[in-house]
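This briefing is meant to be read beside the model. It starts with the chain as a whole and then turns to selected side chains.

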Amino acid sequence: MERLLLLLMSVSGSLGFGNYSHLGAGTSMAVCQPDTCALLSAVAAMGEKLEAVTQTQATLELNLGAQMQKMATVEASLQFYKSQAQALEKINQAQDAQLKSLLAVSSLSSTQMAFSAALGTSIGPFGQDTPVKYQRILSNIGSGYNPATGIFTAMARGMYYFSYTMYNNDGGQPNSVVSLMMNSQKMVSTWGTVAKDTQDSATNAAVVQLEAGDSVYVQLYANRAVFDDSYYYNTFSGFLLFTLS
């Protein structure tokens, strides 16, 4: 393009300032024929256009360089985010594996529930109905029984078996009444309040359907008492028979 511009300027110069003696005597170099003037004007306009095109090309080259830099920056950013995404995917996979493991353990623990506990000390009378807190844990698979409260909590919906044994208060007038409770509902009961022999015991049991979160416990009624010592006459046991969908 630069060569073309120089050529046009050369032609323009030769046409504008050459020897025009052949045009006739007295003809000035500053004067040209109409065709020549038109040609000179066209050449000058073309030169201006070429100059504008050259400037435009330079501007486009600058813009292209800037765009290429931006593209390089964007590509670097994409590579960074890609590596971040791959790292997050690995973390998610590890967390998914851990979650599946925890769910498997949770499922296993919720479908394997069994406990047995004994009292070991006399309790009562109390001023109100009170859950019996069996402190000696014989077994507690699934950790459904809580010795701090005396309450068993179901972890899964299903059919459960429960049993308990009550030993009468040892001495004086018999005064023992307890019930197996589901939430606040009485299921089965035992009592000893009239016999002269205070060294009596009684056992009761029930098979009940529980929802996850339901509670089962043995309740000693207000102003009643039971006897126990290191022989553990009073017990509370239960286990999951099978789950229900």
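Predicted model: local features only at pLDDT ≥ 70, side-chain atom pairs only at ≥ 80, totals over all residues.

Residues are numbered from 1 along each chain as its sequence is written, and side-chain values use heavy atoms, with hydrogens and water left out.

**Chain overview**

- The chain has two helices and 11 strands; helices (H or I, at least four residues) and strands (E, at least two) are DSSP runs numbered from the N terminus.
- Along the sequence the order of elements is α-α-β-β-β-β-β-β-β-β-β-β-β.
- Of the 245 residues in the chain, 27% are buried, where buried means under 20% relative accessible area, exposed over 50%, and partly exposed in between (1.4 Å probe, protein chains only).
- Among contacts with a separation of 6 or more, 72% are between residues 24 or more positions apart; a contact means heavy atoms within 4.5 Å.
- The accessible surface of the chain is about 15,600 Å², and carbon and sulfur atoms hold 58% of that area. Accessible areas come from the Shrake-Rupley method with a 1.4 Å probe, and for residues only the protein chains shown count as cover.

**Aromatic side chains**

- The structure holds 16 aromatic pairs. Rings of Phe, Tyr and Trp (its six-membered ring) pair if their centres lie within 6.5 Å; planes under 30 degrees apart count as stacked, over 60 as edge-to-face and the rest as tilted.
- Y134 and F236 form a tilted pair, because their ring planes stand at 40 degrees, with the centres 5.6 Å apart.
- This pair links distant parts of the chain, 102 residues apart: Y134 is in the loop between β2 (130-131) and β3 (136-141), and F236 is in strand β11 (residues 235-243).
- Y134 is buried at 2% relative accessibility, and F236 is buried at 0%.
- Y161 and F239 are also a tilted pair, since their planes are at 40 degrees, with ring centres 5.3 Å apart.
- Y161 is partly exposed, with a relative accessible area of 28%, and F239 is partly exposed at 35%.
- One aromatic cluster is formed by F115, Y134, Y145, F152, Y160, F162 and F236.
- The charged end of R136 sits over the ring of Y232, 4.3 Å from its centre; the criterion is NZ of Lys or CZ of Arg within 6 Å of the ring centre and within 35 degrees of the ring normal.

**S176 and strand β7**

- S176 lies in strand β7 (residues 176-182) and is buried, with a relative accessible area of 0%.
- The side chains of S176 and N168 are joined by a polar contact of 2.8 Å. A polar contact is a pair of N or O atoms within 3.5 Å; within protein, one must be able to donate a hydrogen and the other to accept it, and residues adjacent in sequence count only if both atoms are side-chain atoms.
- A polar atom of the S176 side chain also lies 3.1 Å from the backbone nitrogen of N169.
- Leaving aside neighbours within four places in sequence, the residues in contact with S176 include M166, Y167, T190, W191 and A225.
- Strand β7 runs antiparallel to strand β8 (residues 185-192), joined by seven bridges; two strands pair if DSSP finds at least two bridges between them.
- Within this pairing, L180 stands opposite V188 in β8.
- β7 and β8 form a hairpin with two residues between them, and N183 in the turn has a positive phi of about 55 degrees.
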